[in-house]
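User: Please take a close look at the charged side-chain pairs in this model. Walk me through a few of them, one by one.

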Amino acid sequence: MITQHRIRRRMAATTPVLLALLLLAFVALTLAFGDRAAGRMASETLIRVTLVVGFWIFAGNSGVISFGHAAFACVGAYVSAWTTLNPAMKATLLPGLPPALAEAHWHVLPAALTAGLVAAALALGTGAAILRLSGIAASIATFAFLAMVNTIWANWTPVTGGTSSVVGLARYVTPWVALGWAVAAILAASLYAASASGLALRATREDEVAASASGIDQYRHRLLAYTLSAFFCGVGGALAGHFIGVINPDGFYLSLTFLMLAMLVVGGIGSLSGAVVGVLAVSLAVEALVRLEKGFTLGATTFALPPGSQEIIIALAMILVLVFRPAGLMAGREIMLPARWVTGRGTSQN
Amino acid sequence: MAKLGIHDLAVRYGKLTAISDLSFTVAEGERLFISGPNGAGKSSLLGAISGAVRAAHGRIEMDGDILSGLGPERIARRGLSMVPEGRRIFGGLTVRENLMVGTGIRRDRAAVADDLETAFTAFPILRDRANAPAGALSGGQQQMLAIARALMTNPKVMLVDEPSLGLAPKVVDEVYDRLCSLQALRGLTLVIVEQSSTRAARVGGRMILMRGGRIVADGDAAGFAAADLLSEAYFGDPA
């Protein structure tokens, strides 16, 4: 006999598979029926899935909103630029790089992994201080961290190029590359959520006092999730850089922070599926609005939304979701196969 | 040797003294009720023992090891578990997840499955609702869950803060029934904060009566109901 519990576990195991299939279908449909701009939108969306799913590993399980994750993307993007750019170019653009980095000319995959690892190491170091604070204080500290990283990056000109952009990153990020990383992030996120640490962290989200009375060391689990979370944001930042080919510190500052938060709120912070669905919903809405801003012709007249309406409408959408569906589109539920699909044939369902 | 020893304990919140010069011991397997009026320091006492509240002074020992100064999570790992006031279950997690949370600190993985079975046998309603969100349980069921959750850390000593709070008398009967049979089954040492001394007398055990942060009486719970000590503690002049 299959117990209820086994059925639940099998159902939960279908979530990452279904989410991966959803993204696969999204890429396949966009490439099959969309134009070039749609293909670019697909890559961009999947990079955001990596970023937001990474973000969710921490924010979703701990219930602590972080404003600092765009900083991990920033660090990741620059680490990948430092390690992959042509040394001749770095000599002129970034004269202050230490010799080891100045001469580095790595392949993009080890560079992306290193980007994630450096972001994770930074999270481990800063999180050790920030995550000892409770809820709202921790959130504000992450915001201060974001501001610090941005200021350092904007002013450390010999190493980061300052506010002027670093150009010439190899543009290797196709929708398929982005899909690979997005699926990797989803797998890692669902493994973490199913782990003992993930459960412990969700318990602290529900009630800190009761969790510590159950022997849970909140700080340790938060730090673990923060570090893992930063890894995928670092990778996401590297992908973003190699997608456009140009990076500058302000590309990883307030607007990215807002976008990541908006996506998580719209989809619902309570589940991994919410994070993925939120990215898809917001990205598709943004794409539609961008096209409307460019204008479309109907008969003899051309209609166009005033420029900037895209940001306003996304912000409005976020407010509407908060008002009418505060738990987000997925309301904390996961996409999973129904019980009768996972029990197998001829098994009773008691 | 006493299972649990409290020596010269004092707890202060700023200038306010909640507990002063409190000393008592609890024997292994004993059932001790802490009673007294509001503000007597009962919850502060449990908080200090479990590590949730920092003691201003004094020493708390379990099996001769000093607990005072450790955080609540480290004390839980030593085998002292707390069922907090107001139950404080993890409402957004399922009943089963609530139970599994406490097992994260354990190394004896095989025994965890046995304990889960024990919990489900003791509280069949939890088995029926295992996959439901804990927040959807009734008050009495949540109290059972809070007790079962504390048991999952495999404690030797369990502190229970006001298990009867906000529950119908019949449900309270049931909660105490289960609590007592689990105590017998596991050889637990129980320390229970209970406002109602008649309830404590009916369940049976030792009782400490507190007032103004001090112990005013200590003895068999059944004896208290008859004596005038209670009305003295609740209505008499402050000591």
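**Salt bridges, pair by pair**

Arg291(A) is partly exposed, at 34% relative accessible area. Keep in mind that this is a predicted model. The partner of Arg291(A) is Asp35(A), and their closest N and O atoms are 2.9 Å apart. The two sit in distant parts of the chain, 256 residues apart. Arg291(A) belongs to helix 14 of chain A, while Asp35(A) lies in the loop between helix 1 and helix 2. Asp35(A) is partly exposed too, with a relative accessible area of 42%.

Next comes a pair across chains. Asp207(A) and Arg88(B) form a salt bridge, 2.8 Å from N to O. Asp207(A) is in the loop between helix 10 and helix 11 of chain A, and Arg88(B) is in the loop between strand 6 and helix 3 of chain B, so this pair joins two chains. Asp207(A) is buried, at 10% relative accessibility. Arg88(B) is partly exposed, at 34%.

Now back to chain A. Arg222(A) and Glu208(A) make a salt bridge, with closest N and O atoms 3.9 Å apart. That falls inside the 4 Å cut-off. Arg222(A) is in helix 12 and Glu208(A) in helix 11, 14 residues apart. Arg222(A) is buried, at 3% relative accessibility. Glu208(A) is partly exposed, at 37%.

Salt bridges can also share partners. In chain B, they join Lys3(B), Glu28(B), Asp63(B) and Lys156(B) into one network. Over all chains, the count is 19 salt bridges.

Technical notes
Residues are numbered from 1 along each chain as its sequence is written. Chains are lettered from A and ligands numbered from 1 in the order in which they are written. This is a predicted model: local features need pLDDT of at least 70, side-chain atom pairs count only at pLDDT 80 or more; totals for chains, interfaces and linings use all residues. Side-chain values use heavy atoms; hydrogens and water are left out. A salt bridge is a side-chain nitrogen of Lys or Arg within 4 Å of a carboxyl oxygen of Asp or Glu. Helices (H or I, at least four residues) and strands (E, at least two) are DSSP runs, numbered from the N terminus. Buried means under 20% relative accessible area, exposed over 50%, partly exposed in between (1.4 Å probe, protein chains only).
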